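User: Please give me a close look at a single part of this model. Pick one region, stay with it, and show how its pieces connect.

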Amino acid sequence: MGDTRRVVGAFSWWMIEAGKDELTAEEFQRELLRIEKERGASESDAQGRSKALLELFQTRSAVFTSDQGHWRFAHTTLAE
């Protein structure tokens, strides 16, 4: 759970710094992959972890929501 929180934090901060309020599914997964690589994962491990995180966010996240292939914060106060 701790690793997931760190990734969510890094991902959320990146979205805010980049001025993004919405991402395509491709952008979302690409950023998860980048974060995992920065955390020291090998390419194959990073791909597996980013895929698992994407699935977690799709099924159990209260931070992000996906609608018609676009990801955004579940509530605007999370971005504020």
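Analyst: A residue counts as buried when its relative accessible area is under 20%. The model is predicted. F73 has a relative accessible area of 8%, so F73 is buried. F64 is buried as well, with a relative accessible area of 2%.

Start with the rings. A pair of aromatic rings is described by the distance of the centres and the angle of the planes. The structure holds eight aromatic pairs. In one of them, the ring centres of F64 and F73 are 5.5 Å apart and the planes meet at 25 degrees, so this pair is stacked. The cut-off for stacking is an angle under 30 degrees. Ring pairs also build a cluster, whose members are F11, W14, F28, F57, F64, W71 and F73.

Strand 1 is joined to strand 3 by two bridges, in the antiparallel sense. L23 has W71 as its bridge partner in strand 3. T24 is bridged to H70 of strand 3.

Among the bridge partners are S66 with W71 of strand 3 and T65 with R72 of strand 3. Strands 2 and 3 make a hairpin, with two residues between them. In that turn, Q68 has a positive phi of about 50 degrees.

R72 sits in strand 3. Its relative accessible area is 24%, so R72 is partly exposed. Leaving out residues up to four places away in sequence, R72 touches D21, E22, V63, F64, T65 and D67. With E22 the link is specific: the two side chains make a polar contact at 2.5 Å. L54 lies 18 residues from R72 along the chain, and the C-alpha atoms of the two are separated by 13 Å.

Which residues does F64 touch, not counting those up to four places away in sequence? The list is V8, F11, S12, M15, F28, F57, W71, R72, F73 and A74. Several of these names return in the largest nonpolar core. That core has 14 residues, and F11, M15, F28, L32, F57, F64 and W71 touch the most other members. Helix 1 (2-18), helix 2, helix 3 (43-60) and strand 3 (70-73) each supply at least two residues. Helix 1 gives the most, with four residues.

Follow the chain into helix 2. The helix has 14 residues; at 1.5 Å a residue it should span 20 Å, and its end C-alpha atoms are 20 Å apart, so the two values agree. Its buried residues are F28, E31, L32, L33, I35 and E36. Two of these, F28 and L32, are also among the core residues with the most contacts to other members. After helix 2 comes G40, with a positive phi near 100 degrees.

E31 is the acidic entry to check on that buried list. E31 belongs to helix 2, residues 25-38. Its relative accessible area is 6%, so E31 is buried. Beyond four places in sequence, E31 touches F11 and W14. F11 and W14 both belong to the aromatic cluster.

Back to F64 to close. F64 is buried and stacks with F73.

Conventions:
Residues numbered from 1 in each chain as written. Predicted model: local features only at pLDDT ≥ 70, side-chain atom pairs only at ≥ 80, totals over all residues. Heavy atoms only, no water. Buried < 20%, exposed > 50% of the residue type's maximum accessible area, 1.4 Å probe, protein only. Contact = heavy atoms within 4.5 Å. Core = buried A, V, L, I, M, F, W, Y, C linked by side-chain atoms within 4.5 Å. Expected span 1.5 Å × (residues − 1). Polar contact = N/O pair within 3.5 Å; in protein donor to acceptor, adjacent residues only side chain to side chain. Pairing = 2+ DSSP bridges. Phe/Tyr/Trp six-rings, centres within 6.5 Å; stacked < 30°, edge-to-face > 60°.
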